[in-house]
Amino acid sequence: KAVARSTGFNESEQTDCALPVRLAWSALRAGTANANDIATLADVVAICIVASERMDALVQETCESARVALAEVADRYTRVKRWGVDAKALQDIPPIVDLYEELLRNATGGQMEQWLGGVREAKGRMAGAAL
């Protein structure tokens with residue numbers, strides 16, 4: 001476990017993590033997405049937000065733009081009961097998918113574990129606040 005936390009992801013692991021994200025984005029663009037696809041994209045946005053906390057402001061802005069675009073996709077689904085994208089989503093979500101893949105290429109298992117922990121912690125706080 002210690003070695004896995006201190007080393008990066010090999011090519012196969014990167015593909016295993018990135019492929020579901022690419023498929024979810026493709027389904028959303030095609031209008032065939034489901035709740036699992038949206039959850040996948042939302043998790044990626046959240047991971048990137050947590051990972052970018054100590055990065056350049058432009059990276060953080062990219063994350064925030066993707067978060068807003070995905071929230072607007074969800075709002076649209078609430079109104080029309082159909083998943084789809086608009087120009088803003090087409091502009092702002094692909095860079096977050098690319099950022100996630102870059103994180104997979106450069107992060108260690110320990111870093112990813114830390115970021116996932118931050119996402120889970122935030123989700124827990126939000127769930128507790130909703131009660």
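Where is Lys81 found? In this predicted model, Lys81 sits in the loop between α4 and α5. Its backbone stands out. Lys81 is not a glycine, yet its phi is positive, at about 60 degrees. The residue counts as exposed, because its relative accessibility is 57% and the cut-off for exposure is over 50%.

The overall fold is considered next. The chain contains seven helices and zero strands. Along the sequence, the pattern reads α-α-α-α-α-α-α. The radius of gyration is 15 Å. A compact globule of 131 residues would have a value near 14 Å, so the chain agrees with that expectation. Along the principal axes, the C-alpha trace spans about 50 × 35 × 30 Å.

Among contacts with a separation of 6 or more, 65% join residues 24 or more positions apart. Of the 131 residues, 33% count as buried. The accessible surface of the chain comes to about 7,900 Å². Carbon and sulfur atoms account for 54% of that surface. The chain carries 15 positive and 18 negative charges.

Helix α4 covers residues 57-80, 24 residues in total. From its first C-alpha to its last, α4 reaches 34 Å. This is close to the 34 Å expected at 1.5 Å a residue. The buried residues of α4 are Cys63, Ala66, Ala69, Leu70, Val73 and Arg76.

Beyond its neighbours within four places in sequence, Asp98 is in contact with Arg22 and Arg105. Asp98 and Ala57 are 41 residues apart in sequence. In space, their C-alpha atoms are 17 Å apart.

How values were computed:
Residues are numbered from 1 along each chain as its sequence is written. This is a predicted model: local features need pLDDT of at least 70, side-chain atom pairs count only at pLDDT 80 or more; totals for chains, interfaces and linings use all residues. Side-chain values use heavy atoms; hydrogens and water are left out. Helices (H or I, at least four residues) and strands (E, at least two) are DSSP runs, numbered from the N terminus. The radius of gyration is taken over C-alpha atoms; the globule rule is 2.2 Å times the number of residues to the power 0.38. Buried means under 20% relative accessible area, exposed over 50%, partly exposed in between (1.4 Å probe, protein chains only). Contact means heavy atoms within 4.5 Å. Accessible areas come from the Shrake-Rupley method with a 1.4 Å probe; for residues, only the protein chains shown count as cover. Lys and Arg count as positive and Asp and Glu as negative; His and the chain ends are not counted. The place of a charge is taken as NZ of Lys, CZ of Arg, CG of Asp or CD of Glu. The expected span of a helix is 1.5 Å times one less than its number of residues.
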